[in-house]
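Dear colleague,

I am handing over the structure below, and after it I set out what was found. Please read the notes with the structure open beside them.

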Amino acid sequence: MRSKQQFIKSIGLVILGSSILAFGSYNFNYQNSVTEGGVLGLILLIKNIFDISPSITSLIIDLSLFILGSRFFGKKFLMYSILSTMTFSTSYRMWENIGFVVPSLTNNMLIASILAGIGVGIGVGLVVRGGGASGGDDVIALLVSRFTKLKVNHVYLITDGIVLVLSLVYLDFKQIFFSIIAVTISGKIISILHIEHDEDDSNEENDEYVEENIVL
C-alpha cells in the first residue's frame with residue numbers, strides 16, 4: 001500500500017515539476033533572454049543559434065544521459081526521467097503554440113532573473129524529489145555528488161558556469177550577469193528539495209524496517 005502511494009506521489013511530483021519548468025523556461029527564461037546552465041542552458045543556446053525547438057533537443061540530449069543515470073539509480077529513475085522529459089517537451093510545445101502569457105520583463109531584468117531562478121529551481125527540484133531528473137545535467141550533478149564530496153548545488157554551479165561562458169555567443173555580459181543570479185537561485189532551491197528528498201527516503205526505509213519487524 002505504501003509503495004503504491006509513493007509511486008503515485010512520485011508521478012505527480014515529476015509531472016508537476018516538469019510542467020512548472022516548461023512554463024518558467026518559456027515565459028521567464030526564453031522571453032527575457034535569461035539563460036540557464038547545464039543542459040537546459042545548452043538547449044536554450046541551440047534554440048537561439050540554430051532555432052531548433054527545445055521540445056526536440058531536450059529529448060535527444062536528456063534521454064542519452066538518462067540511460068547513463070539508470071545504470072546507477074535504477075529503472076525507476078529512468079522511467080521518471082523519461083516521463084519528465086516527455087512532459088517538459090509537450091508542455092513547452094504547448095506554450096510555443098499559445099505564446100507568452102506573462103508580460104516581458106526586459107526592462108526589469110532583476111525581477112526576470114529571480115522569477116526564472118525560482119521557476120527552474122522549483123520545477124527541477126520537484127522532479128528530483130519525485131525520484132527522477134528533469135534534464136541531463138541533473139544526472140551529472142547527482143552522479144558527481146554521489147561519488148565525490150561536492151554538493152549538488154556546487155556541481156550545478158560548475159556545469160552552469162561552463163554553459164554560461166558558451167552563451168556569450170548570443171548574450172552580452174549584462175544578460176550573463178542576470179543569468180548567474182538565476183542559476184544561483186535555482187541551484188539553491190534544487191539543493192534544498194534534494195536534501196528533503198534524501199530525508200524522505202531515509203524515513204521511508206526506517207518505516208519499512210519497523211513494519212517488517214512488527215510482522216515478524
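Ile 56 counts as partly exposed, because its relative accessibility is 43% and that class lies between buried (under 20% relative accessible area) and exposed (over 50%), with a 1.4 Å probe and protein chains only. This residue lies in helix α3, where helices are DSSP runs of H or I with at least four residues, strands are runs of E with at least two, and both are numbered from the N terminus. Ile 56 also belongs to a nonpolar surface patch of about 590 Å², made together with Ile 49, Phe 50, Ile 52, Ile 60 and Val 169. Helices α2 (38–50) and α3 (54–73) each supply at least two residues of that patch. For the patch, residues need over 30% relative accessible area and no salt bridge, and nonpolar side chains (Val, Leu, Ile, Met, Phe, Trp, Tyr) are joined within 5 Å, whereas like charges are joined within 9 Å.

Before going further, please note that this is a predicted model, in which local features need pLDDT of at least 70 and side-chain atom pairs count only at pLDDT 80 or more, while totals for chains, interfaces and linings use all residues. Residues are numbered from 1 along each chain as its sequence is written, and side-chain values use heavy atoms, with hydrogens and water left out.

As to the overall fold, the protein has eight helices and zero strands, and 47% of its 216 residues count as buried. Among contacts (heavy atoms within 4.5 Å) with a separation of 6 or more, 76% are between residues 24 or more positions apart. The protein exposes about 11000 Å², of which carbon and sulfur atoms supply 66%; accessible areas come from the Shrake-Rupley method with a 1.4 Å probe, and for residues only the protein chains shown count as cover.

The charged side chains deserve a separate paragraph. Taking a salt bridge as a side-chain nitrogen of Lys or Arg within 4 Å of a carboxyl oxygen of Asp or Glu, the count comes to three, and Lys 47, Asp 51, Arg 93 and Glu 96 are linked in a network of them. Lys 47 pairs with Asp 51, with the closest N and O atoms 3.2 Å apart; Lys 47 counts as buried at 12% relative accessibility, whereas Asp 51 is exposed, with a relative accessible area of 56%. Lys 47 also forms a salt bridge with Glu 96, where the closest N and O atoms are 4.0 Å apart. Since Lys 47 lies in helix α2 and Glu 96 in helix α4, this pair ties together parts that are 49 residues apart in sequence. Glu 96 in turn meets Arg 93 at 3.3 Å, N to O, and these two are separated by about one helical turn, because they are three residues apart in helix α4. Arg 93 is partly exposed, with a relative accessible area of 37%.

Helix α4 (residues 75–98) also holds Ser 81, which counts as buried because its relative accessibility is 0%. The side chain of Ser 81 reaches the backbone oxygen of Phe 77 at 2.7 Å. Leaving aside residues up to four places away in sequence, Ser 81 touches Phe 66, Gly 132 and Ala 133.

Finally, Gly 131, which follows helix α5, has a positive phi, near 105°.

Definitions and conventions. A polar contact is a pair of N or O atoms within 3.5 Å; within protein, one must be able to donate a hydrogen and the other to accept it, and residues adjacent in sequence count only if both atoms are side-chain atoms.
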